[in-house]
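Work through each task with the structure at hand before reading its solution.

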Amino acid sequence: MKKIRNRFLSMLIIFLCSLFITVTQSFKQDKNETVFNDTTGKNWFPYFDFDAAEFKNPSREFGPFTRWWWPGNDVTNEELKREIKLFADNGFAGIEIQPLTMGINPNAPQERLNKVYSWDSPSFYEHVKAVMEQAKKNGITVDMNGGSGWPLGGPQVAPQESMLTLTYCDTIVAGGETININVPKNLPDYSKLVIFDDYHLYNFIDPALAKLQSVIAAKIIKKDATQIFLDQQSVFNITGNVADNKINFKTPPGGEWAIIALWAMPDGQIPTLIASKNPGFVANHFDSVLVQKNYDHLFGATTGLRQYYSKPFRAVFNDSYEFRTDRHYAYNFLSFFKQQRGYDITPFVAANLQKGYNNNAAALLFPDAKPPFVFSKEDWRLQYDYDVTVGELLQSQFIQSSNNWMQARGLLHRTQAYGIKTDVIASGGSAAIPEAEQLFAKGSEGFIKLVTSGAHLYNRPVITQESFVFLARSEMTTPQKLKTLSDKAFTCGINQIIYSGTSYKYHTDDY
């Protein structure tokens, strides 16, 4: 028993020392980290001496945050100010503004709907300014959601600036013949695809926006109802044989040959629950120029928010990456893949074409989906490398570029860096403020620790969690449950709770 007790005490001392070091150590950098400027570090990553006496009555800066749901832009300055005071009086350290349309009756009076759906208007930013001014008076920190709803996007995003999907069209020709045919282009119509609920719809996409990426030819070994099996030794990259939308190529003799044209096109996804009659599109998260263009629009000079950067505006938040893409793609993907993985995947990209593979509702929409083309039993290695590369591209083009845009303005980027097939530890470590959530992966400790491990490895001082989410448990939540879930979060490495959430007081007959 003595030996066990001593071992326990040793482990406890190590844990407390680790906690002390995490809180008080300097904010070191390495080549993979964002280098925050002095202003950002001074404002949001101060150093604290460990003082146990403060645990009894901690100052507000150590309090929780809450996500603050607005009914779009149907709010008043008076009520917003009143609620900021309430947050301060009840121990909250900060809020995150999230304007969206959850629970809004589409048949409500038109005058009210016009207000709800007037997000990203001058009046919306006037309301935000009123919040900022009151928050400064009450010592409340303000984060803002990346736009309205999620993912990042809106009417400012043109179709050609939205998320891309890799798709294909194929045709079968005989071996031993010279073919002179149009490039196959019978592409999917994303305007007709509706997801399993009313929150995830697709906008219309003009097929003319599709761009040819490559064309391959391969000999067919066999076919069944859903898949074509190809001879991996016979694959030709015949992109160079395309001119004026015509393929000119002599197939080797024997059998049948598949001609597969790979196209990149906008996937048509619109932001979920966006408070705008014109929803626009989800921004292309794999193009840093377009990502930063969105931040310029949503938080730049024309919004009047510059005066609040870092006082009290702390961070822009991006929710988990709930994309509706068949297969993630970027126009520079093939060259980036070769740079990262050391080989050219172009001849075998077709092994990655699976309906709904990168759609986070795929299990419901396409439960039996298979890749339409099979090269060998080793195709899983191509798919794995493709996934790894997508994750790295998202880190560099979205997470890091978001960090950089915020950093230059004394702000931070807070994000749930998961939702796609990616290295959660590396993605979490890439974010200025990585965030986990109670709802994702059923709130497992293992998942939360993936996020916090990334934060610890890359020395991110603040680690948040979207907390206290209870689906279909209305009026069944108790303080004991909140305490238990808080303890679980803290022991997994979370050090800032974000309540999800608090509704703006919106009493209408239909709400």
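**Exercise 1.** State which residues line the second largest cavity, and classify them.

*Solution.* In this predicted model, local features need pLDDT of at least 70 and side-chain atom pairs pLDDT 80 or more, whereas totals for chains, interfaces and linings use all residues. Residues are numbered from 1 along each chain as its sequence is written, and side-chain values use heavy atoms, without hydrogens and water.

Step 1. A cavity is a set of points, on a 1 Å grid over the protein atoms alone, where a 1.4 Å probe fits but cannot get out; lining residues have an atom within 4 Å of a point. The lining consists of Ile97, Pro99, Trp119, Phe124, Tyr125, Met144, Asn145, Gly147, Leu298 and Phe299.

Step 2. At least two lining residues come from each of β2 (94–100), α5 (122–138), β3 (141–145) and α6 (288–299). Helices (H or I, at least four residues) and strands (E, at least two) are DSSP runs.

Step 3. Eight of the lining residues are nonpolar, two are polar and none is charged.

**Exercise 2.** Give the volume of the largest cavity and the residues closest to its centre.

*Solution.* The largest cavity holds about 60 Å³. Its lining has 13 residues, with Trp150, Pro151, Leu152, Asn318 and Asp319 closest to the centre. By class, six are nonpolar, six polar and one charged.

Technical notes: 1 Å grid on protein atoms, 1.4 Å probe; cavity = no way out; pocket = protein on both sides within 12 Å on 5 of 7 lines; lining within 4 Å. Points joined across faces, edges and corners; volume = space filled by probe spheres on them. Nonpolar A, V, L, I, M, F, W, Y, C, P; charged D, E, K, R; others polar.
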